[in-house]
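Here is a short report on a predicted model.

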Amino acid sequence: MNAPNTAQSVPAADHQAQIAARVKAIESLMIEKGLMTTAAVDRFAEIYENEVGPQLGAKVVANAWTDPQFRERLLDNASTACAELGISGLQGEDMVAVENTDQVRHAIVCTLCSCYPWPVLGLPPNWYKEPAYRARMVREPRTVLRDEFGLDVPDSVEIRVWDTSSEMRYWVLPQRPAGTDGWSEEQLAALVTRESMIGVGDPEQP
Amino acid sequence: MNGIHDLGGRDGLGAVAPPPEEPVWKAEWEKHAHTLFPMAFRAGMFGVDAFRYGMEQMDPVEYLTSPYYEHWLHSVQHHGIRTGHWDLAEVDERTRYYLENPDAPLPEDKDPDGELVAFIEAVVPAGAPASRDTGKAATFSVGDRVTVVSDAPRGHTRKAGYVRGKTGVIVMAHGEMVYPDTAGNSLDETSEHVYTVQFTAEDLWGAEAAEPNGTSTFDVWEPYIVPAAS
C-alpha cells in the first residue's frame, strides 16, 4: 500500500504567504511596465471559472453519442469537430479523441509537466499535476485506477495510457451508458464526468 | 536535462488521493500566477517550451513539494531575469515589501485601450498552434517499428527517461511541430515531424514488473527515434 502523499500541495501558511508576496511582486513589476493588468487577471480567471470547463467536453461527447456522423468526424479530427460546436483554443490547438471500447480503455497523463486539453476539460485538477499520478499512471495504471479511482478494469481489457509529451492533446470518448436509449443530448451530457474524459472514471449511470 | 520533472515510472511517491471536489483556485494568488503565463508569453519572455524548461530548473525538492502554480511563478521569474525585464534583487525586495504589507495594493493598471484584456479574449479561443509546415518530408510512417535514442541531452528535451532505448510502433503521424529541443532552450525555432509511438508495458518495465494487458503511447519528434534493429 502507498503511504499518504507527502507531496500533496498544502504548504504551510507561511509558505503560502511567501508565494503570494512573490506573485504580487512580479505582477506589480509587470503592471508598471504595462505588460499585465488586474483586469486581464479577472477576465482570464473568469473564463476558466465559468466558461471553459468539462461541461464543454460533455457536450461534445453527448453529440458523438447521438450523431454517428459527428462521432466519425470527432475521431478523425477532434479539433475541427469541436470547432463545429464553437469549442477550440489554448492548450487544445491539436486534439485527438480516443474512444473506449469493450476491448480497450484509454487514459491520459503528462509525466513531464501537466499538459491537459483545456478547451474541452478546463484547467486540470491538482492531482493530475502532482507527482504521484504522473509517476504511477504509466507504470501501474491498473492499480491506480482500482485503488485511487475505484475503477476495477478486468485483465481482459487493455489499458492504454496516453502520455501527452507533445502539443497534441488527447482525451477520452467514454462509452455511452446502457439504458439511455432515446435520451436527449442535454440529458446525456449531464452523465459525462470530467474523470470519464480523463479516462479515470466512467460516466454516471442513469 | 535529467531533471526531477521527468517523473514517469518513479516509485515511492505515495497516493494520488483525488479529493471529491476542489475549487478552481486553492488560493487567490493562484489566479494571479495563472495569468502571469499568457501575459509573460505576450511580452516575449518565452514560448511554451522555454516556459517548461524554466520550471524544470527549480530546486528538485521544491519541485516535488510545492503547489503547481509555484512552478509557473518560478519560470516567469526566471525568464523575466533572462530577458532583462527585472533582476532577482528587485523581485526579492518587492516580495519583502508585500510580505510585510500584505494589504498593500497593486499599482494601477496601465492599459487605457484594454489591449491586454483583448489579447486574452483573442488567445483563449485561437490558441497558439505548435504545428508548422516547412515542407520537410517525414522519414517514418504509421506501422514502423522504432527505437527511442538512448542519450541524455542537457537542456530542455521531451525525451522522457522511461522511453529512452525502448522500442515501439508508430500509431499516428502528426506532421511537423515546433521542436522543443531548440525552442525550449531559447534557440531559433525549428520544427520536426511528430509521431505517436505505442509501447507495451512489458517493453517498458520488463515482464515481471509490468501489469497485464497494458500499453502506453508517447509522442516523439523525429530526431528522438531510429528504425528498430529487428
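B:Thr83 sits in the loop between α4 (68-82) and α5 (88-100) of chain B. Is this residue buried, exposed or partly exposed? B:Thr83 has a relative accessible area of 29%. Buried means under 20% and exposed means over 50%, so B:Thr83 counts as partly exposed.

Leaving aside residues up to four places away in sequence, B:Thr83 touches B:Gly44 and B:Met45. B:Asp59 is 24 residues away along the chain, and its C-alpha atom is 21 Å from that of B:Thr83.

| Pair | Atoms | Distance |
|---|---|---|
| B:Thr83 and B:His79 | side-chain polar atom to backbone oxygen | 2.6 Å |
| B:Thr83 and B:His85 | side chain to side chain, polar contact | 2.9 Å |
| B:Asp11 and A:Arg139 | side chains, salt bridge, N to O | 2.8 Å |

Next, the contact between the chains. Chain B contributes 97 residues and chain A 91 residues. Together they bury about 8,800 Å², with 61% of it on carbon and sulfur atoms. Which three residues supply more of the area that chain B buries than any other three? They are B:Val16, B:Tyr68 and B:Glu211, with 8% of that area.

Five salt bridges cross the interface of chain B and chain A. One of them joins B:Asp11 and A:Arg139. On the side of chain B that touches chain A, helix α1 (residues 28-42) gives the most, with ten residues. By class, that side of chain B has 56 nonpolar, 20 polar and 21 charged residues.

Strands also pair between the chains. Strand β3 (residues 158-163) of chain A runs parallel to strand β5 (residues 214-221) of chain B, over five bridges. In this pairing A:Asp163 stands opposite B:Phe218.

Within chain A, β3(A) also pairs with β2(A), in the parallel sense over six bridges. Here A:Arg105 stands opposite A:Ile159. Why is strand β2 (residues 104-109) of chain A described as largely enclosed? Because six of its six residues are buried. In a regular strand the side chains alternate between the two faces of the sheet. In β2(A), A:Val104, A:His106 and A:Ile108 lie on one side, and A:Arg105, A:Ala107 and A:Val109 on the other. Both faces are covered, and all these residues are buried.

Conventions: Residues are numbered from 1 along each chain as its sequence is written. Chains are lettered from A and ligands numbered from 1 in the order in which they are written. This is a predicted model: local features need pLDDT of at least 70, side-chain atom pairs count only at pLDDT 80 or more; totals for chains, interfaces and linings use all residues. Side-chain values use heavy atoms; hydrogens and water are left out. Contact means heavy atoms within 4.5 Å. Buried area is the accessible area (1.4 Å probe) that two parts lose on being put together, summed over both. A salt bridge is a side-chain nitrogen of Lys or Arg within 4 Å of a carboxyl oxygen of Asp or Glu. Helices (H or I, at least four residues) and strands (E, at least two) are DSSP runs, numbered from the N terminus. Ala, Val, Leu, Ile, Met, Phe, Trp, Tyr, Cys and Pro count as nonpolar, Asp, Glu, Lys and Arg as charged, and the others, Gly among them, as polar. Two strands pair if DSSP finds at least two bridges between them. Buried means under 20% relative accessible area, exposed over 50%, partly exposed in between (1.4 Å probe, protein chains only). A polar contact is a pair of N or O atoms within 3.5 Å; within protein, one must be able to donate a hydrogen and the other to accept it, and residues adjacent in sequence count only if both atoms are side-chain atoms.
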